[in-house]
Amino acid sequence: MSVYTTEITSDQIPSDNPIHQRLLKAYYAAEPLVSGTLLELGCGEGRGVSLLLNKVDSYLGLDKIEGVIETLRGKFENAQFESGVFPPIDLPDNSFDTVVSFQVIEHIKKDDLFLSEIHRILKPGGKAILSTPNIKMTLSRNPWHIREYTADELASLAGKYFSSVDMKGIAGNEKVMEYHERNRKSVQKIMKYDILDLQYRLPAALLRKPYEILNRRNRNKLKNQSDELVLSITHEDYFVREKSEQNLDLFVILSK
């Protein structure tokens, strides 16, 4: 089962490539940091499972879409996958050496409980690695997100539960930023028709369908205008660096 929406970015749709590679970078960045027993919260279609699986003793992926979980079970025989909605997380205390969760916390209504639960299920000395969009670089409201964070906001929230919060970010090189700038200008052209600022005034549920239509149309337009740029971007065009308002995503390493 495959889920192809702009919110669940696909490696099968050419116009999604810059975003897919950006999301994939989090897994490459986490690869040298994971160890022991690993839990992925929000594994999606398994974008980075193959990168992490051989670095750990065991892997468990949780996600809410049962059809996707069934597909992953058939694809990765050495990993475990379970469907479920969290938080809370129905797993024992002190049971994992590492937890990863990429582009998930922005969807979680009770983000404080989410972080508290991650802390609970980590073993003493364990690490959690999270990524999420940097609101400072967001181009428009995403109605699928409950909220987005600045680096300081997420660090402050995580600091309530974790003894160490190492806030970094995922940034892009000139090629990536050229795509980002083209995207920004294209989105601005769309948003100029929102003279009543409805994207911030209407309930999220009413915005999701038009957001999906316009977002898909915009990604296709950017690809058609610069096919070579869109298709040439790889995970190597993204990099992890220290905290900055210009980072595209927040990338934080939490220690228990």
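Predicted model: local features only at pLDDT ≥ 70, side-chain atom pairs only at ≥ 80, totals over all residues.
**Exercise 1.** Determine the strand order of the open sheet, and find which strands form its edges.

*Solution.* Begin with the order, which for this open sheet of 8 strands is S3-S2-S1-S4-S5-S8-S6-S7, with mixed pairing. Next look for strands that pair on one side only, which are the edge strands S3 (80-83) and S7 (238-242). Then consider the angle between neighbours, for neighbouring strands of this sheet are turned by 20 degrees against each other on average, with direction ignored.

**Exercise 2.** Describe how S2 is joined to S3, and identify the strands touched by helix H5.

*Solution.* Strand S2 (residues 58-63) runs parallel to S3 and is joined to it by 4 bridges, and Asp-63 stands opposite Ser-83 in S3. Turning to helix H5 (residues 151-158), one finds that it packs on the sheet and touches strands S5 (122-133), S6 (164-172) and S8 (249-255). The direction of helix H5 makes about 150 degrees with that of S6.

**Exercise 3.** Characterise the largest cavity by its volume, its lining residues and their classes.

*Solution.* The structure holds 1 cavity of 30 Å³ or more, and the largest cavity has a volume of about 40 Å³. Its lining consists of Tyr-179, Arg-182, Leu-222, Gln-225, Ser-226, Leu-229 and Val-230. The elements that give two or more residues to this lining are helices H6 (174-191), H8 (204-225) and H9 (227-232). Sorted by class, the lining of the largest cavity comprises 4 nonpolar, 2 polar and 1 charged residues.

Methods: Residues numbered from 1 in each chain as written. Heavy atoms only, no water. 1 Å grid on protein atoms, 1.4 Å probe; cavity = no way out; pocket = protein on both sides within 12 Å on 5 of 7 lines; lining within 4 Å. Points joined across faces, edges and corners; volume = space filled by probe spheres on them. Nonpolar A, V, L, I, M, F, W, Y, C, P; charged D, E, K, R; others polar. Pairing = 2+ DSSP bridges. Axes fitted to C-alpha atoms, helices over the stretch in contact; angles between N-to-C directions. Contact = heavy atoms within 4.5 Å.
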